[in-house]
Structures are given as C-alpha cells and as structure tokens.
Amino acid sequence: MSEYHRIVILTGAGISAESGIDTFRSAGGLWEQHRVEDVATPEGFARNPDLVLNFYDMRRAALANVAPNPAHMALARLEREFPRKPGRELLLVTQNVDDLHERGGSARVLHMHGALKSALCSTCETRAPWLGTMIDRPPCPVCQSRSLRPDVVWFGEMPYQMGRIYQALETCDLFVSIGTSGAVYPAAGFVQEARANGAHTLELNLEPSEGSRLFHETRLGPASVVVPEWVEEVLAG
Ligand code: OAD
C-alpha cells in the first residue's frame, strides 16, 4: 500500500452494527420501525415532542447495553499511532450519534450528526453533555429554561463542523468510508469532494453501497474484520 499522510475517515451505522446498534436502512432497521418525519425532523418534534424525546431517551439509555467492537478499537489505535511520524494527520468524522468511538479509545471524534449524550437548549443554544432523560423537561444547565432537545442533527438541519470537514477533504490523500450506505447528504458527497482533490478513495462496507462506484476501491466484509485488517496495513506501510 502507498504511504498516505493525511487521512479522512467517515463512519456510519455499519461500524456499530456488530455492537448491537440497529442501522437505519437495513431490513428491520430504525427507519422501518419509526417514521423519519416523526422522530428526525424539527417538524416532527414540534408536532409531538414527547414521542421524540422518548425515542432519543430510549436510544441514549440503550448505549449502556452495548460495547465497542474491534473496528472502533482499530480506529482508536490508528489515531494513536498514525500521527507519530511527522507530517501525518488523521480526521475521524462520524455520522453516528452513539459514543462507541470514544469508548473504543478515540480521543478526537467529529460527530457531524450530533451525539445522544449531548443536549441542545432550544432557547440559549447551549450544547452540554447529557446522560439523563429529557422527557421530564429538565432545566438547561445554563439558562434554566425547560427547552432542551436531543443534540442530534435532524433532516433539514445543518450538520456540525462542515467547514472543518471540507478543509480536511481538500487536502487529504486518502478518504475512507466505513459502514455507511451513502444515502444521506452532505456525507454521501464527501467521496466526490476528496476524489476531485486527488485523494485515493476506499470504501469498507458489508455490501456494495449506493455510492460504491464513486470509490477507487471497495473492500467488502464485516467492519470488525475489514477495519482492523486495513489499519494493520496502513500502520505497516
Ligand atoms: P445506513 O443504515 O443507511 O447504512 C449502514 C451501512 O452499513 C449499510 O451500507 C450496510 O450495508 C452497512 N453495514 C451493516 N452492517 C455492517 C457491518 N457489520 N460491517 C460493515 N458495514 C455494515 O446508516 P448510515 O449510512 O450511517 O442521519 O446512515 C446515514 C444517516 O442516515 C445517519 O447518520 C442518520 C440516518 O438517517 C440522521 O439521522 C441525520
């Protein structure tokens, strides 16, 4: 494998599937169990806040029953070891709202779709770590108003830190997409952005995704197998 210096990694629900978290678009996945417009849009929240707060309270609580898998741990190892040689940089961007990258040992994770263990105050826009429930309308730790919502990016809202992500995509020499269907923009467009800027593009997924043809290279298999194999290769290179 060629030696790369600036790597951007994008992860999606597939990396957490073997940890026991449902993906969105598989048979029986989250979007078969719930209507997107009910639980993942500002309009759904305005219509029925209890339904939405309860949905995210349950997902937050369910994190206690899952653990990171070898794919999360391999990426944490890459974060520790890859930048040891001068001139090397790594950015890990996830669409996932779970905390399995952090629990697998990654220290710097960019959660572009927000995080279950974070609250966003609709009044003062504070974002604060949150482990409890929201259905009981707890006060915002800063302004005390009882208008907290999950700090999760819903459809129609702008993902976090897009400027920083695009900057990294402009200068990376390797873009790797792991366990994502390529169905949701802007993340689905990262491969084209990186490719247009001259990066090699690699997809690691269980099956060919909607965007597979956009990548230079696709490796198929469960994340717990293909991710550690790839990390081993990069660190040996
Ligand atoms: P999806 O459910 O759309 O796609 C998950 C992908 O992971 C699929 O391509 C599966 O084939 C693959 N997969 C499943 N199990 C795997 C495994 N063990 N190893 C490797 N790959 C596996 O989830 P995302 O692409 O993450 O956004 O969805 C993107 C966004 O859509 C989410 O962040 C969420 C959702 O609506 C918002 O809620 C804003």
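Helices (H or I, at least four residues) and strands (E, at least two) are DSSP runs, numbered from the N terminus. I am working on a predicted model, where local features need pLDDT of at least 70 and side-chain atom pairs count only at pLDDT 80 or more, while totals for chains, interfaces and linings use all residues. Residues are numbered from 1 along each chain as its sequence is written, and side-chain values use heavy atoms, with hydrogens and water left out.

**Entry: the antiparallel sheet**

I looked up β4 (residues 114-121) and found five bridges joining β4 to β6, the two running antiparallel. Ala115 has Asp151 of β6 opposite. The open sheet here has three strands in the order β5-β4-β6, with antiparallel pairing. Its edge strands are β5 (127-129) and β6 (148-152), each pairing on one side only. I read an average twist of 45° from one strand to the next; angles run from 0 to 180 degrees between N-to-C directions, and axes are lines fitted to C-alpha atoms, for helices over the stretch in contact. Helix α5 (residues 49-62) lies across β4 and β6, at about 55° to β6.

I also stopped at the loop between β5 and β6, where Gln144 is found. The phi of Gln144 is near 70°, a positive value in a residue other than glycine. My reminder to myself: most residues other than glycine have a negative phi, and most peptide bonds are trans.

**Entry: the parallel sheet**

In what order do the six strands of the open sheet run? I wrote down β3-β2-β1-β7-β8-β9, with parallel pairing. β3 and β9 (217-220) are at the edges with a single partner strand each, so one side of each has no neighbour in the sheet. The twist averages 20° from one strand to the next.

I then went through some of the pairs. β1 (residues 6-11) and β2 (residues 89-94) are parallel over six bridges, and Arg6 faces Glu89 of β2. β2 runs parallel to β3 (residues 109-111) over three bridges, with Thr94 partnered by His111. β8 (residues 200-205) and β9 share four bridges, again in the parallel sense, and Glu203 is opposite Thr218. On this sheet α10 packs, touching β1, β7, β8 and β9, and its direction makes about 150° with that of β8. Contact means heavy atoms within 4.5 Å.

**Entry: two helices together**

I checked α6 (residues 70-81) against α10 (residues 223-236): they pack at an angle of about 15°, with axes 7 Å apart. The two are therefore roughly parallel (angles under 35 degrees count as roughly parallel, over 145 as roughly antiparallel, 65 to 115 as roughly perpendicular and the rest as oblique). Among the residues making the contact are Ala74, Leu78 and Glu81 of α6 and Val227, Trp230 and Val231 of α10.

**Entry: a cis bond**

Which residues does the cis peptide bond join? I found Tyr185 and Pro186, with omega about 10°. Pro186 lies in the loop between β7 (174-178) and α9.

Methods. Pairing = 2+ DSSP bridges.
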